[in-house]
Amino acid sequence: MSDLRHITEAQQFDRDIMADIFRVTREMEQVVQHYGSNILSRRVMATLFYEPSTRTRLSFESAMCRLGGHVITTESAQEFSSASKGETLEDTIRIVGGYADIIVLRHFESGASRRAAAVSQVPVISAGDGPGQHPTQALLDVYTIEKEIGHLDGISIALVGDLANGRTARSLCYLLTKFRDTRIYFVAPQVVRMGEDIKEYLTRNGVHWEESTDLVETAAKVDVIYQTRIQRERFGDRVQDYQQARGKYIIDKRILDCMQDDAIIMHPLPRVDEINAEEVDADPRAAYFRQAHNGLYVRMALLRMILASP
Ligand code: CP
């Protein structure tokens with residue numbers, strides 16, 4: 001089994017590690033069906049969240065509970081932890097590492113989980129850092145693609161929406177380089193186009209990518225549409241840019257009508273208005289709720305692989 005400790009960025013995973021994780025993830029689906037396990041009964045997980053979350057925090061906490069472990073937690077950590085008194089992230093990590101066997105950290109600064117891992121005596125898992133990365137989301141996204149489409153080589157995918165600030169889309173791009181014949185189409189409003197660092201990484205790793213302004217045309221030729229929210233919270237006082245970007249690309253019946261029958265729509269969620277819920281949610285190709293549920297199984301697998309004794 002692959003040796004996992006800290007999880008701070010998607011680049012650390014190769015195909016073999018992902019295959020290991022997904023094998024354990026499938027086992028975890030069975031564990032949940034059979035009402036859980038006690039394999040982590042003596043272990044404690046701390047969730048430190050400096051930014052809001054529903055899916056990531058609660059799925060990690062549920063994952064720990066379903067494996068018999070215990071959870072200590074602080075949400076709104078900027079306000080409710082001693083960060084509000086000026087404590088550094090590094091000191092908080094040093095302290096919490098004395099109380100817990102693993103730390104799950106969401107932070108508003110890119111690179112925060114790497115900083116945390118550098119001083120931590122226990123494993124640190126990134127739960128998303130600012131506009132940087134969200135590696136466990138990317139793992140559950142790839143797991144979902146394999147489960148829904150049936151394979152990972154030869155996938156064509158449209159990444160849509162706020163790609164400049166989208167940590168999920170960025171982490172997913174890193175993972176997609178591990179598979180053969182991937183084709184990526186970026187469909188983003190002008191003010192939030194995908195960063196040059198990711199495009200250069202894809203090119204260096206031989207992945208075909210292109211930018212498009214036509215979602216209808218792109219939707220017809222891909223296996224996966226990965227829609228993302230225009231993130232108001234990342235625009236600061238650039239209100240005009242936000243207004244320009246918002247509402248430009250919406251998944252609705254018009255897009256459904258031109259998609260292939262076996263293609264899927266994914267979204268890391270939360271969504272605001274970039275998917276027309278009334279028109280799209282009931283379509284079997286809408287995979288985003290199944291995708292979010294897969295997060296529980298993937299995170300159970302990660303906790304088991306990092307914490308359980310062999
Ligand atoms: N996908 C995701 O990270 O959702 P949350 O912000 O609710 O955790």
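Residues are numbered from 1 along each chain as its sequence is written. Because the model is predicted, local features need pLDDT of at least 70 and side-chain atom pairs count only at pLDDT 80 or more, while totals for chains, interfaces and linings use all residues; side-chain values use heavy atoms, with hydrogens and water left out.

## Domains

The domain assignment divides the protein into domain 1 (2-133 + 293-307) and domain 2 (135-291); such bounds come from an automatic or database domain assignment. Between the C-alpha centres of domain 1 and domain 2 the distance is 25 Å. To their contact (heavy atoms within 4.5 Å), domain 1 gives 33 residues and domain 2 gives 28 residues.

## Helix H1 and threonine 25

Helices (H or I, at least four residues) and strands (E, at least two) are DSSP runs, numbered from the N terminus. Helix H1 covers residues 15-33 and holds threonine 25. With a relative accessible area of 0%, threonine 25 is buried; buried means under 20% relative accessible area, exposed over 50%, and partly exposed in between, with a 1.4 Å probe and protein chains only.

A polar atom of the threonine 25 side chain lies 2.7 Å from the backbone oxygen of isoleucine 21. This is a polar contact, defined as a pair of N or O atoms within 3.5 Å; within protein, one must be able to donate a hydrogen and the other to accept it, and residues adjacent in sequence count only if both atoms are side-chain atoms. Apart from neighbours within four places in sequence, threonine 25 is in contact with Tyr143, Tyr297, Val298 and Ala301. Its C-alpha atom is 19 Å from that of leucine 176, which is 151 residues away along the chain.

H1 also packs against helix H6 (residues 135-149), where the axes come within 11 Å and cross at roughly 75°. Axes are lines fitted to C-alpha atoms, for helices over the stretch in contact, and angles run from 0 to 180 degrees between N-to-C directions. H1 and H6 are therefore roughly perpendicular to each other; angles of 65 to 115 degrees carry that label, those under 35 count as roughly parallel, those over 145 as roughly antiparallel, and the rest as oblique. From H1, Met18, Ile21, Phe22, Thr25, Arg26 and Glu29 meet Leu139, Val142, Tyr143, Glu146 and Lys147 of H6. The contact of H1 with H6 has 6 nonpolar, 1 polar and 4 charged residues. In this count, Ala, Val, Leu, Ile, Met, Phe, Trp, Tyr, Cys and Pro are nonpolar, Asp, Glu, Lys and Arg are charged, and the others, Gly among them, are polar.

## Helix H7 and arginine 167

Arginine 167 belongs to helix H7 (residues 167-176). This residue counts as buried, at 9% relative accessibility. A polar atom of the arginine 167 side chain is 3.1 Å from the backbone oxygen of glycine 130. Not counting residues up to four places away in sequence, arginine 167 touches several residues, including Glu51, Arg106, His107, Asp129, Gln133, His134 and Arg234.

The axes of H7 and helix H8 (residues 196-204) are 10 Å apart, at an angle of about 10°. The two helices, H7 and H8, are therefore roughly parallel to each other. Arg170, Cys173 and Tyr174 of H7 meet Asp197, Ile198, Tyr201 and Leu202 of H8. By class, the residues of this H7 and H8 contact are 5 nonpolar, no polar and 2 charged.

## Strand E1 and threonine 47

Threonine 47 is part of strand E1 and counts as buried at 0% relative accessibility.

| Side-chain pair | Distance |
|---|---|
| threonine 47 and glutamate 61 | 2.7 Å |
| threonine 47 and threonine 73 | 2.7 Å |

## Backbone features in loops

Most residues other than glycine have a negative phi, and most peptide bonds are trans. Tyrosine 35, not a glycine, has a positive phi of about 70°. Tyrosine 35 sits in the loop between H1 and strand E1 (44-49) and counts as exposed at 79% relative accessibility. Aspartate 181 is likewise not a glycine and has a positive phi of about 55°. Aspartate 181 is in the loop between H7 and strand E6 (183-187) and is exposed, with a relative accessible area of 63%.

Leucine 269 and proline 270 are joined by a cis peptide bond with omega of about 5°. Proline 270 is placed in the loop between strand E9 (264-266) and helix H12 (277-280).
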